[in-house]
Amino acid sequence: MNFDDSTYFKAYDHNYRVAYAEGLAFLGEGGSQGVLRRLEGMLRKITHSPPETRILDVGCGDGTVGLFLAGLGYRYLGIDISEAAIVRARQRSSEAGSDAEFRVANALDPESLPADGFDVVVDCSCFHMLVVDAHRKDYLGNVRRALRDGGYFILFGSHDPTACQGPVGSFVEFCRKTGANTSGVPLQKRQGDRWEAVNGKSVFLMGRSQSLKGYREELTAAGFRILYRTTYRRDRRDAGFLMRKDVDAPR
């Protein structure tokens, strides 16, 4: 596959389709219980009660987070650019008898996003898929517009102290600066106690990590006030942020 500024972030639709065609669940359908526990912990720091709280999940994938949050009683809407992932999320929601809602939408297109009024926006590793500065800025602006005044933004992303700090004006520039692998990696499936490559099937796992300082500068400039920040895993490669929409920041 060839990628440019308008297509690189759509590679995950390909990933879902390839995995589903092989009868596999891309990115571990069912989710990491650790991520779900951390998300629940972040939500406990917010004073809203679940039935009164509207949550928008950006980059919802196969619906794992949606089923979890709807099960806790939150009013949930998940969006993803991948139609294949949304079809699967709706199927899982129906099978589970869940009232979680799912919709195909491009988070970079404000016309396709829900209007403001959400109490919380959740991003479980979607933002890092955007590697171009302008795309990241547009994304954060759209998240801010989706939130009511005083609403909360919970973000989980890849943390790397040595990450490329930019400027990154294009996908080509990102690849040149980071040596990103655009040729894909073999799709893996589990066979007994080991993983094996699926012959002729590749997926694309491009993304842009950020340093904690970089996150702080980027998120603050976008009009968010960081209330809480933590890192996860033994190598501290994942970061979580709880933020509030800063109503005094420039729009």
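## Salt bridges

A search of the whole structure, which is a predicted model, finds 11 salt bridges, a salt bridge being a side-chain nitrogen of Lys or Arg within 4 Å of a carboxyl oxygen of Asp or Glu. One of them joins the side chains of E22 and K201, at 3.9 Å from N to O. E22 lies in the loop between α1 (11–21) and α2 (33–44) and K201 in strand β7 (residues 194–203), so this pair ties together parts that are 179 residues apart in sequence; helices (H or I, at least four residues) and strands (E, at least two) are DSSP runs, numbered from the N terminus.

Another salt bridge links R44 and E40, at 3.2 Å from N to O, and these two residues, four apart in helix α2, are separated by about one helical turn. R44 counts as exposed, at 65% relative accessibility (buried means under 20% relative accessible area, exposed over 50%, partly exposed in between, with a 1.4 Å probe and protein chains only).

## The sheet

Seven strands form an open sheet with mixed pairing, in the order β3-β2-β1-β4-β5-β9-β8, where two strands pair if DSSP finds at least two bridges between them. β3 (101–104) and β8 (224–232) stand at the edges with a single partner strand each, so one side of each is left without a neighbour in the sheet. Strands β1 (residues 54–58) and β4 (residues 118–124) pair in the parallel sense over three bridges, and the bridge partner of I55 in β4 is V120.

## About the model

Residues are numbered from 1 along each chain as its sequence is written, and side-chain values use heavy atoms, with hydrogens and water left out. In this predicted model, local features need pLDDT of at least 70 and side-chain atom pairs count only at pLDDT 80 or more, whereas totals for chains, interfaces and linings use all residues.
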